[in-house]
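Reader: I have a model open and want to go through its contacts and packing. Can you take my questions as they come?

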Amino acid sequence: MKQRFLFLGSRSVAVALWATQRAHVKHISTVLLTGKRLQQMHCTNRKYTSARIHLFVAILVACVAHTSGAITLETVLQTTLERNQAIQEAKSGLEQAAGQRLVFRSVAWPDVELGVPAGVQGGHRAGESGTKGFGVGRGVLTQTLFNAGLPASLRRGNVEVLIAQQQLNVAVVDQLHAARLAFYSALYNRTLESIRREQQRGLRENVATQRTRFEAGLADKSALTSATVQASELDTQIEGPHRAYLDAQLQLALAMAIDPARGSLPEPEGELQSIPIRVDLDSETAGALQRRADLRLARLFVRAANEDQRIIAADYYPAVTGSINGEYVPVTGIHRQGSTSRTQDFIGSEIRERAAYTWRVIDNGKVGGAVLRARSAREINELTCWKLEANIPRDLSHIANYLKTTEVRERSFASATTAAEESARAVQENVASGLASPLEYRVTQNAFLETKSGLLEAIYQHNLAVAEWDRATGRYFRFSDDNTKSR
């Protein structure tokens, strides 16, 4: 039993998966940049060996006016699919699995051996003299007539290819999902940095106003100091999102197989927008149990372990083989090895057929122990598969609840942001005329910044939840062409 069938926890995904989702963009607030509708994008069908992979990568793409040199989410996913190193390695594994299937199938195919013994034979026997050259053609064809493990071996070879196809799609889904999250992270941190820089520009204008008022004798030194401190506080809050944005760009470059040392980091296009979705938990749970690639891979490992157990248990039964031996003798008078008379020598070409069987009667537990190990591996795989199936409803319920929570947070922050903006604008006008204190200005500006950043974070978390929902429901791909059922 191969050890790779014992552990399934870190593996996930299927021969062909499907992602389609319709979403209508909801404009959250005039405070954030307005965006276009998110669109559905589709990926071209691809074919791997005997099974087809229909890649319908229809991912929601958040975008605004096109920017020269920027990349969309569609471009990121397409480039990742074509160039990602992990996906390329999985494709190579699929080719290896096709070769391994030939090894499993070779048990049913005949074996043919050809040989041409040649040499010089010398010595004397009654009526003979001299040295003779000789050449003999020999051929042996052996065919398995009965082997209890033969059907299981053929099925096992087919499952090997299906497992490799699933592992390919594990890599595809994992890499596409990681690239999608990195894209959202880059948009979020870039927008957050932009919001804070805009806020800092307003605070610096206030510093200039307070300095003018201080020089004119209309304000004291404390007002200028307070305004300067407030503007400086945003330096560290700007640096954090900037570093996070660069890190997200690096993650995008790695997913797209772009060498950062040889080219510029990818610039994501667009702004985050809210993507409201309707969730039918019961139907989505049933669909996920059918579509989830990691679950299909777990089931394939169970099938593979079951076939391995049957192949090992076949040693309990006899194996019958048939063979045909042929010899072509171009000359006569050549002695067989060990012959003592002419009647035992070659007299011409000949063909012999025979059948033989072997049956292991006593093995001192060798076969029985191997069967027990294989059965244990199968039971472990069955338990892992059962755990995955049991976790799916719980995970989907958790994500569905989180989606509702993020939508509520968006509406709450949208209202709070509008109110905070109006309050901050009014206080800013009063500060310029000396009708409001620096403390009031500082409080309103901080509230406005927090609500605006909170609204952006709520939209970002909602987008992440939608991506997790697509992954948890198996919408990145759809499994197809699995006609090799275990019997």
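Reader: Start with charges. How many salt bridges does the structure hold?
Author: The structure holds 14 salt bridges. A salt bridge here is a side-chain nitrogen of Lys or Arg within 4 Å of a carboxyl oxygen of Asp or Glu.

Reader: Before that, what am I looking at, and which cut-offs apply to it?
Author: This is a predicted model, where local features need pLDDT of at least 70, side-chain atom pairs count only at pLDDT 80 or more, and totals for chains, interfaces and linings use all residues. Residues are numbered from 1 along each chain as its sequence is written, and side-chain values use heavy atoms, with hydrogens and water left out.

Reader: OK. Which residue does Glu284 form a salt bridge with?
Author: Glu284 pairs with Arg475, and the closest N and O atoms are 2.3 Å apart. Glu284 is in helix H6 and Arg475 in the segment after H9, so the bridge ties together parts 191 residues apart in sequence. Helices (H or I, at least four residues) and strands (E, at least two) are DSSP runs, numbered from the N terminus.

Reader: Is Glu284 buried or exposed?
Author: Glu284 is buried, at a relative accessible area of 11%. Arg475 also counts as buried, at 13%. Buried means under 20% relative accessible area, exposed over 50%, and partly exposed in between, with a 1.4 Å probe and protein chains only.

Reader: What else is buried in helix H6?
Author: In H6, residues 281-291, the buried residues are Glu284, Thr285, Gly287, Ala288 and Arg291. Down the axis of H6 they fall within an arc of 165 degrees, so they line one face of the helix. The arc is taken over the directions from the helix axis to the C-beta atoms.

Reader: Back to salt bridges. Which residue does Arg425 meet?
Author: Arg425 meets Glu421, with 3.2 Å from N to O. The two are four residues apart in helix H8, about one helical turn. Arg425 is partly exposed at 42% relative accessibility, and Glu421 is partly exposed at 24%.

Reader: Why does that spacing matter for direction?
Author: An α-helix has 3.6 residues a turn, so residues three or four places apart point the same way.

Reader: And what about Arg471 and Glu468?
Author: Their side chains form a salt bridge, 3.0 Å from N to O. Arg471 and Glu468 both lie in helix H9, three residues apart, about one turn of the helix. Arg471 counts as partly exposed at 31% relative accessibility, and Glu468 counts as partly exposed at 25%.

Reader: New topic, packing. Which residues touch the most other members of the largest nonpolar core?
Author: Val76, Phe183, Tyr184 and Leu272 do, in a core of 46 residues. A nonpolar core is a set of buried Ala, Val, Leu, Ile, Met, Phe, Trp, Tyr and Cys residues joined through side-chain atoms within 4.5 Å.

Reader: Which helix gives the most to this core?
Author: H3 does, with 17 residues.

Reader: And Phe183, what is it in contact with?
Author: Leaving aside neighbours within four places in sequence, Phe183 is in contact with Ile71, Thr72, Leu73, Val76, Leu252, Pro268 and Glu269. Contact means heavy atoms within 4.5 Å. Apart from this core lies another, of 16 residues, with Ile392, Ala400, Leu403 and Ala465 among them.

Reader: Where does Ile324 lie?
Author: Ile324 lies in strand S9, residues 319-328, and is partly exposed at a relative accessible area of 41%.

Reader: Last one, backbone. What is the phi of Ala257?
Author: Ala257 has a positive phi of about 60 degrees although it is not a glycine. Ala257 is found in the loop between H5 and H6, and is partly exposed with a relative accessible area of 26%.
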